[in-house]
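I opened the file today to look things up one at a time. My entries follow the model itself.

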Amino acid sequence: MPHLKKSQRNYALFLSCGLLLLVACGKKEASDTSPQKDARDEAKSYYSVNSEFFHFRTPADIPTDLNWENGQHLPEFASPDAVKGGTLNSWIQDFPRTLRTVGPDSNGSFRRWILDNNTMSYASRHPNVTDLTKNGFEYYPGLAEEWALDRANKTVYVRLNPAARWSDGEPITTEDVLFNFFFHRSSYIKAPWYNNFYSTKFSGISRFDDHTFALHFPELRPDIYALALGGSPTPAHAYTELGDDFVDRYQWRFLPTTGPYIVRDSDIDKGRSISLTRNKDWWAQDNKLWRHRYNPDRIRLVVIRDVAKAFEAFRKGDLDYFSLGLAEYWYDKLPDDAPEVAQGYIHKLKFYNDVPRPTYGLWMNQSRPLIENHDIRVGLQHALNWDLVIRKFSRSDWTRMQTSADGYGEFTHPTLRSRTFSIDKALASFAKAGFRERGPDSILVNDQGDRLSVQITTGYAHFKDMLTILQEEAVKAGIDLRLEVLDGTTAWKKVQEKKHDIAFVAFGVGPEMFPRYWETYHSANAYDLAFLEDGSINPNRKVQTQSNNLQIIANAELDKMITAYDKSDNLEEMKQLAYSMEELLREDASFAPGFNIPFMRTGIWRWLGIPTSGNVKISTSFTEYGLYWIDDTAKTETEKARKSGKTFEPAITVFDQYKLE
Amino acid sequence: MTLNPLTVRKLKRFRSIKRGYYSFVLLMLLIAVSLLGEMFVNNRPLIVSYEGRWHFPTYGANLPGKTFDLDYTYETDYRELRDKFQTEDRGNWMIMPLVPFNPNENSSYEGVFKPAPPSWMGGPEKHWLGTDTTGRDIFARLFYGFRIAIFFSLVFMALTYLIGITVGSLMGYYGGIFDLIAQRLIEVWSNIPFLYVVIILFSVIPSTFSLPARIGMLLVVMVLFSWTSMTYYMRTATYREKARDYTAAAVVLGAGPIRIIFNHILPNTISTIVTFMPFTVIAAISAITALDFLGFGLPPPTPSMGELLKQGTQTLTTAPWIVSSAFAALVLILLLVTFIGEAVREAFDPKKFTTYK
């Protein structure tokens, strides 16, 4: 058979390529034995060279009139019923490409297990008490024992807890805090984002003694604590070999952490699974607001490449929990009358959280033909039947997004509403733009014979069906939406090149105090030079690529407001500016707000314990705050019951205490 | 046109192989029906009689709702209109096709877009095979998916054979250095992994191209990487035929190489080629289905069996009718073509009809 021969040849070719790669790798590693200098010495000389940033002072220099805070008055949110022990079984879709938390490939979905949800920062935002105070959000202590804000000097003083230890037992001192700056500003780590962040967001750091330091800022924003207290140190004693080969050298090293879980070398089974082990000597495990959290002794993450397969593993009991976010899973694949649910083995949880919402909507590129016309944009907004999507695709679970910054509490515009589906309004608006007659396929055409046809680009294959609903409905309003479903990376690349007509994407947002506008709406991110010095539009301006202004909005008035907003240290003023900006953006009509997903849905086996409140207000994933625990007796009991056929009370729980009306 | 008596005997022999012959008839019938598909599977009626006027909406431009005095200007929703006719009872009527659904229209089931079971399993009316994950009729999608796949593969076959036969014959006829170089080039070319090329290409093609243009590009790419295997057979066959006396006679008579290859040699080598044809069709259908399954095939929302199969694997437990319908349809088509292929191979077997005893 000729086919066989061909494939055999291909195989041989692949094999030899593979061997070549292996040889190449081997060589590289072999040459990596040059003696290393100690990076701590390099850091010291770096501090003296950059003495305008790194200040060494004495405890006598700490102002005496500071108002120290320690967050001890805040209520605990973990359940006192929690018990330590057991193994949590979960899954990851891809094996992590590195155990580093900075540098190339480190920003994968695994990172949250070892960094985002595992690192203890100086202090953390309280996840339930979310009201604004004069210093912003409420923080509870982590590595820091207490902290103070010096408004006049735009400085935050922090005193580390003397008991704080790295997971290897070494004490955490200000040396690690200083080293954190040296590390993240160094070119070794190949992380330009961090280089820039640690160089521009801070104007300096002062060390007073082993446990006291102060961070200086170029401007005092209302959320200054997020920057100052949300950081955490870098273990200087673990990075002694830091150098040009950092990326390779530290690729598979798990370094001492401030958090409760560590990764042991023996638990890394490349390509198959990786396990986290609870540090039983974690210094903070009995501290207020940290106790009763991070309970399982082990967290085992198995690689399962196919979501459908992972779901089957969950139903079998091999995985302890599974996200049931999609309606298909919640209603069809694991309905309330599924045997495991009806017999009470699997509990279903629906938890309404209250966080800034990812911006699922259509981002229209105003630099493109047709879309540059305001009437067409308004018409298009009226041609989008989001209500039908919400009703028939999400089964009325989602809510309509109203502004580009929903979920920011007081910062979200209270009365602004997005445009609703209306064929008449859409047709009237398209008519203003010259599209009056319908062609043979019901799509509007103008006098020149151009069809009213634009393209929607997306990288979200799982929303393809939803977009076809919008597409079919839009035809009724006479506009043809061509769908382009690309793979995630390609779509994002296209959007970053600003080659899209309309992009369906969402920016993920952290639980921040107020929305950001500069990144997405400032003209500096739309054009290289949007306006000339006299304020007129630059006729030769070029679209700015690689920025998040996906609508190519360049509006001098908006720019002014953004600048004022970004400089402001007054919450009330910022709020008013945010409202004005949202009103202007609605008028501009180039962002079509889509939908919000106001909850998390999870299926858990009954041996997984959770607090009676379900979770905390600003959580975005089941495991984020480490509030669950494994009840081993319940596990044995359940396993026996499954064999004997004994059943339990089914539990389908809705936690709607944080639901917004 | 008079056929070579040998060919006539081969065709008779093919007819006598019942399984292959009936498969052939059935497949031709299916193709013929699919050509007129809009008359059988469509959400537009065949005839509408409204206020004494007859409309034939099947082909041609959309009829806006205004045509039937409805209060909208987009395309008429005929199922709604039919209900209206029935309640009004003013002598207006329409004839809907057998399967009154369009392959791209979503219809909701129990108020949401989700798979509906086939009508004989208690699902909504007229969805003979149920609906897929967004509520599109599976029969309609399979039907139009078949039409696209079969014509895609027929054109694919024609193009690969055209190129493969031409290049192969030239190699065999000229031989020598030309043959040597062409063969090396073909070897290099055929080692380029086809799947990767398709994936790379489709991730960069802008979708501003219309649907037919994108399907055309996929076809071209597939042809570009598939014609090579045919050259081997044609090359050897031509080498053999070239040494025969009739070729020498043609050369002596002054015929040019093109005339000799296509008028003299090709008819004598074609029988080997014919036996490959059905299997090429099978390969093309499988390839296009596999590509669709992986998401690199026909652009959405083109109906396709591969796309349905993919949906089916993700909804094995909740909507088993998706995967079973798609699988059964694919097996049926491939089986039909395979039966034809076997019969053709047997009928054209040179051992039975060789002129050399």
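**Chain B, overall**

I started with contacts in chain B, where two residues are in contact if their C-beta atoms, placed from the backbone, lie within 7 Å. Of the contacts in chain B with a separation of 6 or more, 64% are between residues 24 or more positions apart.

I noted what kind of model this is: it is predicted, local features need pLDDT of at least 70, side-chain atom pairs count only at pLDDT 80 or more, and totals for chains, interfaces and linings use all residues. Residues are numbered from 1 along each chain as its sequence is written, while chains are lettered from A and ligands numbered from 1 in the order in which they are written.

I looked up the secondary structure of chain B and found 14 helices and 3 strands. Helices (H or I, at least four residues) and strands (E, at least two) are DSSP runs, numbered from the N terminus. Along the principal axes, the C-alpha atoms of chain B fill a box of roughly 85 × 45 × 40 Å.

I checked burial next. A residue is buried if 20 or more other C-beta atoms lie within 10 Å of its own, exposed if 12 or fewer, and partly exposed in between, with C-beta atoms placed from the backbone. In chain B, 35% of the 357 residues count as buried.

I then looked up the domains, whose bounds come from an automatic or database domain assignment. Domain 1 of chain B covers 5-35 + 139-353, and domain 2 covers 43-96. Their centres, taken over C-alpha atoms, are 43 Å apart.

**Strand 23 of chain A**

Is strand 23 of chain A buried or exposed? I found that 7 of the 7 residues of this strand (residues 599-605) are buried, so it is largely enclosed by the rest of the structure. In a regular strand, side chains alternate between the two faces of the sheet. Here A:F599, A:R601, A:G603 and A:W605 are buried on one side, and A:M600, A:T602 and A:I604 are buried on the other.

I looked for its partners; two strands pair if DSSP finds at least two bridges between them. Strand 13 (residues 321-323) of chain A runs antiparallel to strand 23, joined by 3 bridges, and A:S323 has A:T602 as its bridge partner. Strand 14 (residues 346-352) of chain A is also antiparallel to strand 23, with 7 bridges, and A:H347 stands opposite A:I604.

**Where the chains touch**

I ended with the contact between the chains, which takes 32 residues from chain A and 29 residues from chain B. Helix 14 of chain A gives the most to the chain A side, with 7 residues.
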